[in-house]
Amino acid sequence: MEDQDVRRALDRHWAASDAGDLEAEHAIYREDAVLDYPQSGERIHGRRGIQSSRAAQPSQKRFTVRRIVGAGDLWVTELVLTYDGRPSYTVSVMEFLDGQVARETQYFGDPFEPGASRAQWVELTR
């Protein structure tokens with residue numbers, strides 16, 4: 001799969017995620033895909049398991065992609081995943097095999113207040 005094809009697949013994936021289209025959102029995954037959440041220690045096996053776990057999530061979710069970078073079989077998306085209006089800064093690392101995601105690892109970071117000790121060097125972006 002060419003890089004531009006992967007990029008288009010990722011654009012479709014994140015747009016479907018934001019729209020709540022579970023079928024289109026999970027079309028990017030292999031049947032035997034694995035999803036890891038290192039912060040909670042959870043691992044989910046299989047496309048249907050991943051999709052079912054997300055369908056069971058009761059929060060209202062919105063996805064805002066900040067940037068996507070990658071090449072070949074490794075792609076990283078930085079996004080803001082908002083749960084019920086509360087933002088979580090998220091990094092999704094996707095490893096592709098035969099044109100579909102074989103493994104995804106997602107990292108989450110909550111917003112925090114700027115540190116006063118570095119204020120003279122900082123440009124606030126939010």
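Me: How much space lies in the largest pocket?
Reply: About 430 Å³. A pocket is an open set of points on a 1 Å grid over the protein atoms alone, where a 1.4 Å probe fits, with protein on both sides within 12 Å along at least five of seven lines. Its volume is the space filled by probe spheres set on the points, which are joined across faces, edges and corners.
Reply: This is a predicted model: local features need pLDDT of at least 70, side-chain atom pairs count only at pLDDT 80 or more, and totals for chains, interfaces and linings use all residues. Residues are numbered from 1 along each chain as its sequence is written, and side-chain values use heavy atoms, without hydrogens and water.
Me: Which residues lie nearest the centre of the largest pocket?
Reply: F112, P114, L124, T125 and R126, out of 16 lining residues. Lining means having an atom within 4 Å of a point.
Me: And how does that lining divide?
Reply: Seven nonpolar, three polar and six charged. Asp, Glu, Lys and Arg count as charged; Ala, Val, Leu, Ile, Met, Phe, Trp, Tyr, Cys and Pro as nonpolar; the others, Gly among them, as polar.
Me: What about the second largest pocket?
Reply: About 220 Å³, with 18 lining residues. Y37, R54, K61, Y83 and Q106 lie nearest its centre.
Me: Switching topic. Is S88 buried or exposed?
Reply: Buried, at 6% relative accessible area. Buried means under 20% (1.4 Å probe, protein chains only).
Me: What does S88 touch?
Reply: L79, V80, L81, F108, G109 and D110, leaving out residues up to four places away in sequence. Contact means heavy atoms within 4.5 Å.

Notes
Buried means under 20% relative accessible area, exposed over 50%, partly exposed in between (1.4 Å probe, protein chains only).
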